[in-house]
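Me: I would like to learn how to read a few features of a protein model. Could you take me through them one at a time?

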Amino acid sequence: MAAPDKAADAFRTIGELSRETGIPQHILRYWETRFPQLKPLQRAGNRRYYRPEDAALVRRIQTLLDQEGYTIRGVQKLLGSEGPAKPAGGGSGGGGRRRTALLEIRDALAAALEDDR
């Protein structure tokens, strides 16, 4: 079990991240094969260490899949369209327009799904 006083910016083993997120270890390893952005450090014996940004990406993927209804393919496209990870609030002015467009698409798809029910 992870130490409760472990710093937020500390590296996490796959077991610690699995316990924190509730995602089984085999799913985390599978996601590494599907999302090239998710690259934990691997040490001797292929022991994985997730950086804070890796853990944040895992949580984001989990939210997109479980709460927002994306498929693996949809999350791949979404993450791929964002390009390299950028700090929040930084980057060019075009990111806001892209986000707005994506939110409109998401809302339209959600409405279509509701109509089908």
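Reply: We will go through a helix, a strand residue and a pocket. Keep in mind that this is a predicted model.

Me: How do I read a helix, and which residues of α3 are buried?

Reply: In an α-helix there are 3.6 residues a turn, so residues three or four places apart point the same way. Here, helix α3 covers residues 52–66 and has 15 residues. From first C-alpha to last it reaches 21 Å, close to the 21 Å expected at 1.5 Å a residue. Its buried residues are D54, A55, L57, V58, I61, Q62, L64 and L65.

Me: Where is Q42 found, and why is Q42 called partly exposed?

Reply: Q42 is in strand β2, residues 41–43. Q42 counts as partly exposed because its relative accessible area is 40%, between the cut-offs of 20% and 50%. Beyond its neighbours within four places in sequence, Q42 is in contact with E32, R47 and R48.

Me: How is a pocket found, and what lines the second largest pocket?

Reply: Rolling a probe the size of a water molecule over the atoms shows where empty space is left. The second largest pocket holds about 350 Å³ of space. It is lined by 14 residues, and the closest to its centre are E68, G69, Y70, R106 and L109. The elements giving two or more residues to this lining are α4 and α5 (94–116), with the largest share, six residues, coming from α5. By class, the lining has seven nonpolar, four polar and three charged residues.

Terms used:
Residues are numbered from 1 along each chain as its sequence is written. This is a predicted model: local features need pLDDT of at least 70, side-chain atom pairs count only at pLDDT 80 or more; totals for chains, interfaces and linings use all residues. Side-chain values use heavy atoms; hydrogens and water are left out. Helices (H or I, at least four residues) and strands (E, at least two) are DSSP runs, numbered from the N terminus. The expected span of a helix is 1.5 Å times one less than its number of residues. Buried means under 20% relative accessible area, exposed over 50%, partly exposed in between (1.4 Å probe, protein chains only). Contact means heavy atoms within 4.5 Å. On a 1 Å grid over the protein atoms alone, a cavity is a set of points where a 1.4 Å probe fits but cannot get out, and a pocket is an open set with protein on both sides within 12 Å along at least five of seven lines; lining residues have an atom within 4 Å of a point. Grid points are joined across faces, edges and corners, and a volume is the space filled by probe spheres set on the points. Ala, Val, Leu, Ile, Met, Phe, Trp, Tyr, Cys and Pro count as nonpolar, Asp, Glu, Lys and Arg as charged, and the others, Gly among them, as polar.
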